[in-house]
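Got a protein model open and wondering where all the labels come from? Let's go through some of them, one question at a time.

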Amino acid sequence: MYVIVGLGNPGREYKNTRHNVGFMVIDKIAKEHNIHIIKRLHKAKEGKGMIGGESVVLVKPQTFMNLSGESVRKVIDYYKIEEKTNLIVISDDISLDVGNLRIRKKGSAGGHNGLKNIILHLGHDEFQRVRVGVGEKPSGYDLVDHVLGHFGKEDMELIDDSISRAAQAVEMIITDGCDAAMNTFNKKGR
């Protein structure tokens, strides 16, 4: 069983913001695999289904970004999965250009508070992650305003494409392994 967590903030005011790209990828995966995310458990919205012959749980933590680890820890403990191999976390990344993906097996939080809290609650940074580029904050902008802001028209086509590719990357991690997904999707600009 795999637990696939998309990071974001609950509430209508955060829908389709840069910080909610993880939620958007989860929604894309759910739609493509006919998984209904309706259950409210473990401080999250969850849905169970199958991807590539494997059982999966799609998770959208409802704790707000900075406390995502609380929900992730509860989900992992409940389903008794091995987080080093069967946890995939999807998040936004301001250090990547819009449209780029970065897949890793482990690593630091890179300044991302949601990842930082997950690392805190797991006690290690060895879990697979798919980071979706949302672009660097413009000079003079506040970081919070940038990540909680919406994508401009010029970025919407790129972000829609990267959400689709991130969903494909998650599926490839499950079916072919993280190395295959890294080799396929960790390419600049596509």
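Below, each label is set against its definition.

This is a predicted model, in which local features need pLDDT of at least 70 and side-chain atom pairs count only at pLDDT 80 or more, while totals for chains, interfaces and linings use all residues. Residues are numbered from 1 along each chain as its sequence is written, and side-chain values use heavy atoms, with hydrogens and water left out.

Q: Why is Thr63 called buried?
A: Buried means under 20% relative accessible area, exposed means over 50%, and partly exposed is in between (1.4 Å probe, protein chains only). Thr63 has a relative accessible area of 11%, so it counts as buried.

Q: Where does Thr63 lie?
A: Thr63 is in the loop between β4 and α2 (68-79). Those names come from DSSP runs: helices are H or I with at least four residues, strands are E with at least two, and numbering starts from the N terminus.

Q: Which residues is Thr63 in contact with, leaving aside its neighbours within four places in sequence?
A: Contact means heavy atoms within 4.5 Å. On that basis, the list for Thr63 is Lys43, Ser68, Glu70 and Ser71.

Q: Why is Lys116 called partly exposed?
A: Its relative accessibility is 45%, so Lys116 counts as partly exposed. You'll find Lys116 in helix α4 (residues 113-122), where its side chain makes a polar contact with the side chain of Asn113 at 3.4 Å.

Q: What makes strand β1 (residues 2-6) count as mostly covered?
A: In β1, 5 of its 5 residues are buried. Tyr2, Ile4 and Gly6 sit on one side and Val3 and Val5 on the other, and both faces are covered.

Q: How do you know that β1 pairs with β4 (residues 54-61) and with strand β5 (residues 87-93)?
A: Two strands pair if DSSP finds at least two bridges between them. β1 and β4 have 4 bridges in the parallel sense, and β1 and β5 also pair in the parallel sense over 4 bridges. Val5 has Val59 in β4 as its bridge partner, and Gly6 stands opposite Ile90 in β5.

Q: Why are β2 (39-41) and β6 said to stand at the edges?
A: The open sheet has 7 strands in the order β2-β3-β4-β1-β5-β7-β6, with mixed pairing. β2 and β6 each have a single partner strand, so one side of each is left without a neighbour in the sheet.

Q: How do you know at what angle helix α1 (residues 21-32) and helix α6 (residues 153-176) cross?
A: Axes are lines fitted to C-alpha atoms, for helices over the stretch in contact, and angles run from 0 to 180 degrees between N-to-C directions. The α1 and α6 axes come within 9 Å and cross at roughly 65°. Among the residues that meet are Val21 and Met24 in α1 and Ile159 and Ile163 in α6.

Q: Which classes make up the contact of α1 with α6?
A: Ala, Val, Leu, Ile, Met, Phe, Trp, Tyr, Cys and Pro count as nonpolar, Asp, Glu, Lys and Arg as charged, and the others, Gly among them, as polar. This contact has 9 nonpolar, 1 polar and 2 charged residues.

Key. Polar contact = N/O pair within 3.5 Å; in protein donor to acceptor, adjacent residues only side chain to side chain.
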